[in-house]
Amino acid sequence: MTSRTSARIAVLVAGAAALAFALAGCSGGSGSGSAAGDSSPAADKPVAGGNLTFAISSELGCIDPQQIGNNDDIAIARQTVASLTTQDPKTGEIKPWLASSWKVNDDASSFTFTLRKGASYSDGTPIDAESVKENFEGIQALGAKATLGSTYLSGLKDVNVIDPQTVQIDFDGPSAQFLQATSTFSLGLVSDASTKLSVADRCAGKFAGSGPFTVKSFTPQSQAVLAKRDGYSWGSSTNAHTGAAYLDSVTFKVVPEASTLTGSLSSGQIDASADVQVTDLPQFDGNGFWVLNRTNPGVVYNLYANAKNPILADQNVRQAISKAIDRDAEAKLLTKWDKPATSVLSSSTPYWTDESSLLTQDVAGAKKLLDDDGWKVGSDGIREKDGQQLSFKLVYWQPSNDELQLVQQELKAIGIDLQLKQTTIADATATNNGTQALSWGNLTRADPDVVRTVFSARATQNNNHRAVEPVDDLLDQQAATTDQKTRQKLVDQATQTLIKEGWSIPVYQLSTTIAASSKVHDLKFEASSRLDFYDAWLSK
């Protein structure tokens, strides 16, 4: 993935299924400048019609919502599927969409959804309980190819069709995260026939979705054109209108070169993008354009230490790395809205607590930890012990050069040599076989269970390659309770432990910034910071 605005990228780190992820605004007809929020403010009455052209910087060749994890692919696919529920971006509350109501048993192991009547897939077949069953069992069958959905359905035991409008989903244990998962694109619904398509055909957009747009054409690495679906009347309860989308179509153009993208937006060849370079954003902050920024929920950008590395197995070394980092300085390298990491979770994530007191730069403290461990400063300024230098290599694909180079300088100041190598996402994924000393990334999701996904030694990712420790019990327990106070306490205990033990070395919070022409209105973000074009419209 080659997105240029660092604040836009969200990454699923490490693990065989590693892929990327990530994503508010202002505007008005006058191009009134920037603002934080969840959508561009509407001006006047929405107008139906027109094509909105949105530039993306990369596209990996797949737009099946149940398989993808890349931000740009998600921007396309999210528009084609509806979900059982939706999540309020301001409160985090789960609200109705295709399901009009639901019940959850006491231990959060069984979920019963009542489906709204009259909704259908774009091939005309009804969205009923049987099709929910086909979808969820299909995602389970996709396994690792369903990068996110397979983790959301981990422990799925049975999907029972009670009647055409009622479906019961049972897990083999508590799964408190599942209700939020039903609001995501990863569990968005496609028609029964589509669940039986080949993986390749689904990636090529040949599926019939449940959302407000359908795939009109898709040319990998070039563009995707989505067409408004006539008759769509089941917009989510967090959207501003019902009925069909206002836009006739949305064209997603791949524009990989940064200056070309900026020039295309300036000249009106494209209407909006979330990939404008940080240095170019000020020219779109007013003057007929608007800029919108939102902190992405989920796990912030972290350095992940590999426990199998004999040096990084030492907690003192991990803590020294964390103490060496000036997180405020890191955030200043990004947009004016970006913030330093204050916890494992970003501040827009439900159950976030400010743990910034644990993340203060302490160079003297870092040096003392290494001194106490017997690491002596060598003639080149790099510490050594038993004939081995304190040196690590970090292979990454994200556009994080400036940020990581600052980390490199900060570590060098305490005697650690950090060698950086940027490569492609494919190469980084292929080489991330569990032997890398350090890895780099984040994961976007508006539920605290994202911490378990990324850090648990019992999870597939296990980014630290750790053996099971007491913190894993805390992560499991938070996933097994729906009591808010209890869950808050468990999430806090887990995140504090991960920071104190140096398994999480948070650096900065990811955010996404949209730059758009003033003729673009009501372009929204979901709670998980995914783009939502359903309410969007263009001035005539």
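Student: Which residue in β24 is the bridge partner of Ala 272?
Tutor: Ala 272 has Ala 516 of β24 as its bridge partner. Before we go on, this is a predicted model, in which local features need pLDDT of at least 70 and side-chain atom pairs count only at pLDDT 80 or more, while totals for chains, interfaces and linings use all residues. Residues are numbered from 1 along each chain as its sequence is written, and side-chain values use heavy atoms, with hydrogens and water left out.

Student: Which strand does β24 meet there, and over how many bridges?
Tutor: Strand β14, residues 272–273, is joined to β24 by two bridges, and the two run antiparallel. Strands here are DSSP runs of E with at least two residues, helices are runs of H or I with at least four, and both are numbered from the N terminus; two strands pair if DSSP finds at least two bridges between them.

Student: How many bridges link β15 and β24?
Tutor: There are seven bridges between β24 and strand β15, residues 289–295, again in the antiparallel sense. One of the pairs is Thr 295 with Ser 511 of β24.

Student: Is β24 buried or exposed?
Tutor: Seven of the seven residues of β24, which spans 511–517, are buried, so the strand is largely enclosed by the rest of the structure. Buried means under 20% relative accessible area, exposed over 50% and partly exposed in between, with a 1.4 Å probe and protein chains only. Both faces are covered, with Ser 511, Thr 513, Ala 515 and Ser 517 buried on one side and Thr 512, Ile 514 and Ala 516 buried on the other.

Student: What about Arg 294, buried or exposed?
Tutor: Arg 294, which has its place in strand β15, counts as buried at 7% relative accessibility. A polar atom of its side chain lies 3.1 Å from the backbone oxygen of Pro 89, and the side chain also has a polar atom 3.2 Å from the backbone oxygen of Ala 527. Such a polar contact is a pair of N or O atoms within 3.5 Å; within protein, one must be able to donate a hydrogen and the other to accept it, and residues adjacent in sequence count only if both atoms are side-chain atoms.

Student: And where is Leu 292?
Tutor: Leu 292 also lies in strand β15, and at 0% relative accessibility it counts as buried.

Student: New topic: in what order do β17, β18 and β19 sit?
Tutor: These three strands form an open sheet in the order β17-β18-β19, with antiparallel pairing. The edges are β17 (376–377) and β19 (388–389), each with a single partner strand, so one side of each is left without a neighbour in the sheet. Strand β18, residues 383–385, pairs with β19 over two bridges, and Glu 384 stands opposite Gln 389 in β19.

Student: Which helix holds Ser 264?
Tutor: Ser 264 lies in helix α7, residues 258–267, and counts as buried at 9% relative accessibility. A polar atom of the Ser 264 side chain lies 2.8 Å from the backbone oxygen of Thr 260. Leaving aside neighbours within four places in sequence, Ser 264 is in contact (heavy atoms within 4.5 Å) with Gln 269 and Ile 270.

Student: What is the volume of the largest pocket?
Tutor: The largest pocket has a volume of about 540 Å³. On a 1 Å grid over the protein atoms alone, a pocket is an open set of points with protein on both sides within 12 Å along at least five of seven lines, a cavity is a set where a 1.4 Å probe fits but cannot get out, and lining residues have an atom within 4 Å of a point. Grid points are joined across faces, edges and corners, and a volume is the space filled by probe spheres set on the points.

Student: Which lining residues lie nearest its centre?
Tutor: Of the 27 residues lining the largest pocket, Thr 151, Ser 154, Arg 452, Ala 459 and Thr 460 lie nearest its centre. The largest share of the lining, three residues, comes from α3.
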